[in-house]
Amino acid sequence: KMVELGDTKEILHAPKTDYAKALVSERQEADQQHQLEAVDESSAVLSVTNALGVYETFIAVNKVSINVAKGETVAVVGESGSGKSSLARLILGLLPRKSGSVKFNGKELPPALKQRGKDDLRRIQFIYQQPDVALNPRQTIAEISGRPIQLYFNKSPAEVKKRVAELLVEVGLPADYAGRLSTALSGGQKQRVSIARALAAE
């Protein structure tokens, strides 16, 4: 439904409804973030420098460099096949880099996933664009979201159950969804489960 009517200047500079005020406030905060100074490698949480990733003979990531500050979101935009997912896989170590550097909190990460320690694996989590391929249809939401808690923190079954319930509420799902299979959820709900699983690793 329509909640407010006005010209551009009125809506952006003097919104009347709480809903419009909240939307404009979000936009103003985003604009302020854009005005921040560029992040350099020394202050970045994640720093990628001249990263090269190759699938056999095909160069998928070609000398890419990015820095991400604490609390900052960086969007990598490009057409299908341009290397966005390959860059993410390279950062995670799923696509071993041939050269360049990937640092997390100033610490150099080994190129390949199998070379990384347990804490390195825990600290960087992947949320897949298509949750259908990332969630096991035979496992309950509690099993999917609880696995990182068991893997990284060695919690008791009762503690895992409690934490899963907290995570589901945190991502906007009812706690009683824990007993459901992912096949019973909508696409958006499955994506929230993927987010909960990433957050479970803290």
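The model is predicted, so local features need pLDDT of at least 70 and side-chain atom pairs count only at pLDDT 80 or more, while totals for chains, interfaces and linings use all residues. Residues are numbered from 1 along each chain as its sequence is written, and side-chain values use heavy atoms, with hydrogens and water left out. The protein chain holds seven helices and four strands. Both are DSSP runs numbered from the N terminus: helices are H or I with at least four residues, strands are E with at least two.

**Overall layout**

- From the N terminus on, the order of elements is α-α-β-β-α-β-β-α-α-α-α.
- The C-alpha trace spans about 55 × 45 × 30 Å along its principal axes.
- The protein chain has 202 residues, and 30% of them count as buried.
- Buried means under 20% relative accessible area, exposed means over 50%, and partly exposed lies in between (1.4 Å probe, protein chains only).

- Axes are lines fitted to C-alpha atoms, for helices over the stretch in contact, and angles run from 0 to 180 degrees between N-to-C directions.
- Angles under 35 degrees count as roughly parallel, over 145 as roughly antiparallel, 65 to 115 as roughly perpendicular, and the rest as oblique.
- Helices α5 and α7 pack at about 15 degrees, with their axes 8 Å apart. They are therefore roughly parallel to each other.
- Helices α5 and α6 pack at an angle of about 115 degrees, and their axes are 9 Å apart. That makes α5 roughly perpendicular to α6.
- The axes of α6 and α7 come within 9 Å and cross at roughly 130 degrees. This makes α6 oblique to α7.
- The α5 and α6 crossing is right-handed. The crossing of α6 and α7 is right-handed, and the crossing of α5 and α7 is right-handed.
- A crossing is right-handed if the near helix is turned clockwise from the far one by less than a right angle, and left-handed if anticlockwise.

**Salt bridges**

- A salt bridge is a side-chain nitrogen of Lys or Arg within 4 Å of a carboxyl oxygen of Asp or Glu. By this rule the count comes to six.
- Arg 97 counts as buried, at 8% relative accessibility. Glu 108 is partly exposed, at 36%.
- Asp 132 and Lys 190 meet through their side chains in a salt bridge of 2.6 Å, N to O. This pair also links distant parts of the chain, 58 residues apart: Asp 132 is in the loop between α4 (118-123) and α5 (141-153), and Lys 190 is in helix α7 (residues 187-200).
- Asp 132 is exposed, with a relative accessible area of 54%. Lys 190 counts as buried, at 13% relative accessibility.
- Lys 162 forms a salt bridge with Glu 166, where the closest N and O atoms are 2.9 Å apart. Both residues lie in helix α6 (residues 157-170), four residues apart, or about one turn of the helix.
- Lys 162 is exposed, with a relative accessible area of 54%. Glu 166 is partly exposed, at 35%. Shared partners join Lys 162, Arg 163 and Glu 166 into one network of salt bridges.

**Surface and loops**

- Leu 94, Leu 113, Tyr 128 and Val 133 make a nonpolar surface patch of about 330 Å².
- Patches are made of residues with over 30% relative accessible area and no salt bridge; like charges are joined within 9 Å, and nonpolar side chains (Val, Leu, Ile, Met, Phe, Trp, Tyr) within 5 Å.
- Accessible areas come from the Shrake-Rupley method with a 1.4 Å probe; for residues, only the protein chains shown count as cover.
- Leu 94 is found in the loop between α3 (84-92) and β3. This residue counts as partly exposed, at 33% relative accessibility.
- Val 77 lies in the loop between β2 (58-68) and α3. Val 77 is exposed, at 78% relative accessibility.
- Val 77 and Arg 147 are 70 residues apart in sequence and 32 Å apart in space, C-alpha to C-alpha.
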